[in-house]
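Here is a short tour of a protein chain for you to follow by eye. Keep the sequence and the 3D view side by side as you read.

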Amino acid sequence: MAKILEVLARSVWDSRGRPTVEAQVAVKGAGRSAATAVGRAIAPAGASTGSGEAKCIDVRQAVHLINTEVRSSLTGKKLDQESIDRSLIALDGTPDKSRLGGNAIVAVSLACAQAAAAAAKKPLWKHLAGERPVAMPVPQIQIFGGGAHARGRMDVQDLMIICTGAGSFTESLAWTAEVYRAAGARLAKRNALYGVADEGGYWPAFKSNEEALAELTGAISDAGFEPGADVGIALDIAATQLWRGGRYHLALDKRDLSAEQLHAMLLGWIERYPIVSIEDPFAEHDAEAMASFTRTAGGRIQIVGDDFFVTDWKKLQQGKARGACNAVLLKPNQVGTLTETLACWRAAQEAGYGAIVSARSGETEDVSVVHLAVGWGVPQLKVGGFSRSERMAKWNEGIRIEESLGGNKLPYPARRLFQRPTG
Ligand code: PGA
Ligand code: ZN
């Protein structure tokens, strides 16, 4: 097994122009003549974070800690992901990773995985998959961005599409390009094209949240697709952000809703629009509302816990026991290490939950998340919208991986995942 020669960190810049941590790990392969290899990874950053997430610390401090404590703890160690991650957790010593920082830990954990793949002369996805057969994940792609990613201009955070009728990852992107263009043309016609939000979806210039849904459905039709049959809608309500004094505050609609009223509003939307997935429909602490909504709508659509589970396998098991959600978002920096992220994916599989590997609203050119989804066999991927190169770098990496796997001869799970029962 390869050994770690050196760990170092530097401060680089993310897609919001904020500093973030890049870690670099040099390793030497087994055997005397083995060459050295290098792996690198950059920590992403969220804007609508769950309270249970690993805590990010000041980037200068995180870089300093990697270049001192983490370096001396890991140098000379075997490049075994689980034991490296265990060492990082022990060295941090806090329940919320607040001493070394979730940003430092995720960058080092991921850089070690990249170094192991480089030492084995394999792409990361292949290194993670081993001999297991793989398939491409189904993309959720943002068309309109709102919430904390658009200064609260619209309450719903993500209006996304899932190309449920497409036959491959690459075809999903081609269809998305059509819908994205059609949505832009609709905004331009109304003189409402104001650029894009943090994740590359159009800036949401709408009079109500529901108008955005109607416009997205219209854009799907304009692009020549049948809403529902070819292309479905996925929402991220990010409802923790809407919680004010015991009610859900929809600023654009000038309404304060109880959990029951929000439940009824979402059911109405599911009736009227081709919605196939809703993420965080209720706040992170509102397990009762989440379970009640899952009982009502969980047989028809995917209900995803993001802030609700924060990629924590224990929270997922508790959620399963209460009947809350039927899918989980997997964000490595939400929990800190790759090993813990993988534990949550394994818990999801045991619970019969769906899963989506996800990037954050603050991103970079780092495309590791695409490799995690393919290599671990996670069936869905969410990396934001269809513009801004920190997003497109990831979609384009998926095209390359699909091509290397034999293109559209691969099985592609979109139809199986999102067949919505009628009636
Ligand atoms: P964040 O949002 O990266 O800003 O936390 C993404 C999401 O809620 O899915
Ligand atoms: Zn979310």
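## Two domains

The protein chain of this predicted model is assigned domain 1 (3-121) and domain 2 (138-417), with bounds that come from an automatic or database domain assignment. Taken over C-alpha atoms, the centres of domain 1 and domain 2 are separated by 28 Å. The contact between them takes 30 residues from domain 1 and 30 residues from domain 2, where contact means heavy atoms within 4.5 Å.

Residues are numbered from 1 along each chain as its sequence is written, while chains are lettered from A and ligands numbered from 1 in the order in which they are written. Local features need pLDDT of at least 70, side-chain atom pairs count only at pLDDT 80 or more, and totals for chains, interfaces and linings use all residues, while side-chain values use heavy atoms, with hydrogens and water left out.

## The largest pocket

Where is the largest pocket? Domain 1 (3-121) and domain 2 (138-417) both give residues to its lining, so the largest pocket lies between them. On a 1 Å grid over the protein atoms alone, a pocket is an open set of points where a 1.4 Å probe fits, with protein on both sides within 12 Å along at least five of seven lines; lining residues have an atom within 4 Å of a point.

The largest pocket holds about 480 Å³ of space, a volume being the space filled by probe spheres set on the grid points, which are joined across faces, edges and corners. Its lining has 18 residues, and Q81, L128, L342, R346 and W376 are the closest to its centre. Two or more lining residues come from each of α2 (81-92), α3 (102-119), α4 (124-129) and α11 (338-351); α11 gives the most, with 7 residues. Helices (H or I, at least four residues) and strands (E, at least two) are DSSP runs, numbered from the N terminus.

## Two positive phi angles

Most residues other than glycine have a negative phi. N191 is not a glycine, yet its phi is positive, at about 55°. You will find N191 in the loop between α5 (169-189) and α6 (209-222).

D280 has a positive phi too, near 40°, and sits in the loop between β10 (275-279) and α8 (287-297). Are these residues buried or exposed? N191 counts as exposed because its relative accessibility is 66%, whereas D280, at 0%, counts as buried. Buried means under 20% relative accessible area and exposed over 50%, with partly exposed in between (1.4 Å probe, protein chains only).
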